[in-house]
Amino acid sequence: MQILVVGAGVIGLAIARSAALAGHDVTVAEATGGIGNGVSSRNSEVIHGGLYYPTGSLRARHSTRGRRMLYDFCAEHDVAHRKCGKLVVATNAAEVTKVEAILAQGRANGVEGLELIGGNAARAMEAELSCVGALWSSESGIIDSHGYMLALWGELEDCGSMIAFETPVERMSPAASRWQVQFGGRDAGVVAFDAVVNAAGLGAQALARRIDGYPADKVPPLVLAKGNYFGFTGKAAFSHLIYPTPVDGGLGVHVTLDLAGRMRFGPDVEWIDHESYTVDPRRADAFYERIRSYWPGLPDGTLVPDYCGIRPKLSGPGQPQADFMIAGESVHRLPQLVCLFGIESPGLTSSLSLAEEVVGYLKP
Ligand SMILES: Cc1cc2nc3c(=O)[nH]c(=O)nc-3n(C[C@H](O)[C@H](O)[C@H](O)COP(=O)(O)OP(=O)(O)OC[C@H]3O[C@@H](n4cnc5c(N)ncnc54)[C@H](O)[C@@H]3O)c2cc1C
């Protein structure tokens with residue numbers, strides 16, 4: 001089949017690679033001039049264990065399976081990564097109960113390498129930590145996400161597929177068992193495809209509304225939850241990922257490490273109504289307070305505004321966390337079309353597994 005994948009983020013690239021390996025002729029259309037210019041370059045680059053999500057949900061299934069696939073992929077394709085492990089820390093008795101619930105959820109999800117440890121054992125691993133107990137997750141890690149996307153791009157090109165940059169999809173309509181797709185940009189025009197996957201990230205809902213015949217009530221609301229990061233100017237105090245217990249809309253302001261061992265903190269949760277990518281320095285006060293609950297030694301004046309990313313959520317503040325949404329024909333009644341909505345965290349971790357499921361929706 002001739003398949004169009006819209007969006008060259010980590011999800012679109014993983015789907016395109018999977019479809020190309022299955023023998024399809026794949027084109028990726030990307031509105032910007034490069035790969036991973038959207039949500040995929042504005043995240044924590046953490047390979048998640050798969051602890052937090054309700055058992056059987058897409059997020060639980062694809063993060064655990066996707067994580068195993070991703071480690072194998074990194075080893076085979078020389079993508080820089082490190083299985084450094086993570087501690088989810090409890091700073092008081094109420095948080096111990098929360099950490100125990102996360103352990104139970106993780107075990108129910110089939111996550112390997114989980115263990116509850118006491119405060120002393122946690123401090124033996126990380127001397128600067130203040131906590132009464134922690135959940136150790138040995139399978140969590142970090143990845144060079146751009147290196148990963150480059151490897152996906154390389155593999156799909158090896159299969160004869162390609163990415164068209166600066167080529168936004170403007171409209172689509174079904175005609176004679178195919179999709180007529182109108183492109184803008186450098187090479188504007190109309191091209192027909194057998195099947196289309198909408199992996200446009202923050203643009204997925206806007207694109208779905210421009211698909212002729214797509215039922216308006218099947219386009220889920222897009223809720224924007226910005227995650228701000230602050231860099232740390234001192235010498236790194238930790239060598240494992242350190243997470244507090246989760247908060248509404250996110251996993252809490254955690255310590256993430258890059259592959260050079262540098263520390264940064266974030267993301268927090270800032271509900272916004274339009275895309276904006278500035279980090280307000282005034283948010284530092286709340287960061288100091290939250291981080292000091294588990295790292296009292298955080299020195300004054302060491303946090304500097306870094307970058308931010310926007311989670312394309314399907315649920316808002318105070319609501320139960322929505323799952324990823326894969327909308328195929330059973331949802332919108334249009335054949336050979338799959339739309340992906342709400343692919344927030346852990347989308348990077350889930351990408352290879354999610355890609356296989358999406359390609360399975362397309363029937364030759
Ligand atoms: C703050 C934050 C932290 C996160 N941390 C982690 C983490 O540590 N681990 C993890 O597993 N996941 C994490 N995630 C989630 C992960 O980053 C995302 O799930 C993933 O990057 C989504 O990729 P995507 O390809 O769907 O979207 P994107 O990367 O945004 O790609 C979509 C692409 O579509 C293009 N596009 C849009 N409209 C059109 C159009 N009409 N025509 C052509 N192209 C179009 C855009 O330009 C963009 O390049 C985090 C997310 C956020 C926001």
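A polar side-chain atom of Ser-40 lies 2.5 Å from an oxygen atom of the ligand, a polar contact being a pair of N or O atoms within 3.5 Å. Taken alone, the ligand exposes 1,000 Å², of which the protein buries 94% (accessible areas by the Shrake-Rupley method with a 1.4 Å probe). The model is predicted, so that local features need pLDDT of at least 70 and side-chain atom pairs count only at pLDDT 80 or more, whereas totals for chains, interfaces and linings use all residues. Residues are numbered from 1 along each chain as its sequence is written, and side-chain values use heavy atoms, with hydrogens and water left out.

A polar side-chain atom of Glu-30 is found 2.7 Å from a ligand oxygen atom, while for Val-10 a backbone N or O atom lies 3.3 Å from an oxygen atom of the ligand. Around the ligand there are 39 residues, of which Glu-30, Ser-40, Val-46, Ile-343 and Thr-349 come nearest (a residue is near a molecule if one of its heavy atoms lies within 4 Å of it). The shell comprises 18 nonpolar, 15 polar and six charged residues; Ala, Val, Leu, Ile, Met, Phe, Trp, Tyr, Cys and Pro count as nonpolar, Asp, Glu, Lys and Arg as charged, and the others, Gly among them, as polar. At least two residues of this shell are supplied by each of helix H1 (10–21), strand S19 (303–313) and helix H9 (347–360), where helices (H or I, at least four residues) and strands (E, at least two) are DSSP runs numbered from the N terminus.

Several backbone features fall in loops. Glu-45, which is not a glycine, has a positive phi of about 55° and lies in the loop between strand S2 (25–29) and strand S3 (46–47). Most residues other than glycine have a negative phi, and most peptide bonds are trans. The peptide bond from Ser-345 to Pro-346 is cis, with omega near 5°, and Pro-346 is placed in the loop between strand S21 (337–341) and H9. A cis peptide bond also leads from Gly-266 to Pro-267, with omega near -10°; Pro-267 belongs to the loop between strand S17 (263–266) and strand S18 (270–272).

Strands S11 (residues 178–183) and S12 (residues 189–193) run antiparallel and are joined by five bridges, pairing being assigned if DSSP finds at least two bridges between two strands. Phe-183 has Gly-189 in S12 as its bridge partner. Five residues separate the strands of this hairpin, in which Gly-185 takes a positive phi near 80°.

Technical notes: A polar contact is a pair of N or O atoms within 3.5 Å; within protein, one must be able to donate a hydrogen and the other to accept it, and residues adjacent in sequence count only if both atoms are side-chain atoms.
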